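Please look through the sequence and the structure before reading on.

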Amino acid sequence: MSEPGALRMRLALLGREVAKFGVVGGLGVLVNLAVFNLVRHTTELPVVRASVIATVVAIAFNYVGFRYFTYRDRDKSGRTKEMSLFLLFSLVGLVIENGVLYAATYGLGWNGPLASNFFKFFGIGLGTLFRFWSYRTWVFRALPAKEAVQTAESFLEQSEPVPTPRQPRRRQPDHV
């Protein structure tokens, strides 16, 4: 394949990945903001605690969406490692997201419902940039080409052997 064609294909694949990540992430943002506002307005919990609870709920929602929709074609062999890395990077994203809200609420004194939602949303955006990079780089890794070939070869070895074609018999003349 030509260099421009390969680049175009890689960009198209990245575009599809970003779109799928965006669908799951967008739904996760809705879950996050809905839980945040529900907890904030129905309990006496401080703003940042309500936000942490909402973020944890959204992380669980997003894992299911990323594993079974966005990255369903990726390596599934190390689920324990995948889940550990997902939780680690999600925790860093949680700190980024809620650090922004904490700074706005307690550092700047902006604690009203509109300001809280704005800085919650802004923090989600910053955390999402980090999560996209870390999830695609470390958590939901693509199968390396060598490993994909080995997987395909092992699959073929497990299936029934394909009969080898026989050499055609020489036909004897009818008149002997």
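How many helices and how many strands does the secondary structure of the chain come to? The model, which is a predicted one, has five helices and zero strands. Along the sequence, the pattern reads α-α-α-α-α.

**The chain as a whole**

The chain has 176 residues, of which 31% count as buried. Its accessible surface comes to about 12,300 Å², and carbon and sulfur atoms account for 66% of that surface. Among contacts between residues at least 6 apart in sequence, 73% join residues at least 24 apart.

| Helix | Residues |
|---|---|
| H1 | 3-42 |
| H2 | 47-70 |
| H3 | 79-107 |
| H4 | 113-139 |

**Helix H4 and its buried residues**

The buried residues of H4 include Ser-116, Phe-119, Lys-120, Gly-123, Ile-124 and Gly-127. Further along the helix, Arg-131, Phe-132, Ser-134, Tyr-135 and Val-139 are buried as well. Against which helices do the buried residues of H4 pack? Their packing partners are H1, H2 and H3.

A polar atom of the Ser-134 side chain lies 3.2 Å from the backbone oxygen of Arg-131. Arg-131 is itself among the buried residues of H4. When residues up to four places away in sequence are not counted, Ser-134 touches Phe-89 and Val-139. Val-139 is another of the buried residues of H4.

**A nonpolar patch on the surface**

Which residues form the nonpolar patch on the surface? The patch is made up of Val-23, Leu-27, Leu-30, Phe-61 and Phe-69, and together these residues have about 440 Å² of accessible area. H1 and H2 each supply at least two residues of the patch. The largest share, three residues, comes from H1.

Leu-27, one of the patch residues, is located in helix H1. Is Leu-27 buried, partly exposed or exposed? Its relative accessibility is 43%, a value between the cut-offs of 20% and 50%, so Leu-27 counts as partly exposed.

Definitions and conventions
Residues are numbered from 1 along each chain as its sequence is written. This is a predicted model: local features need pLDDT of at least 70, side-chain atom pairs count only at pLDDT 80 or more; totals for chains, interfaces and linings use all residues. Side-chain values use heavy atoms; hydrogens and water are left out. Helices (H or I, at least four residues) and strands (E, at least two) are DSSP runs, numbered from the N terminus. A polar contact is a pair of N or O atoms within 3.5 Å; within protein, one must be able to donate a hydrogen and the other to accept it, and residues adjacent in sequence count only if both atoms are side-chain atoms. Contact means heavy atoms within 4.5 Å. Patches are made of residues with over 30% relative accessible area and no salt bridge: like charges are joined within 9 Å, nonpolar side chains (Val, Leu, Ile, Met, Phe, Trp, Tyr) within 5 Å. Accessible areas come from the Shrake-Rupley method with a 1.4 Å probe; for residues, only the protein chains shown count as cover. A salt bridge is a side-chain nitrogen of Lys or Arg within 4 Å of a carboxyl oxygen of Asp or Glu. Buried means under 20% relative accessible area, exposed over 50%, partly exposed in between (1.4 Å probe, protein chains only).
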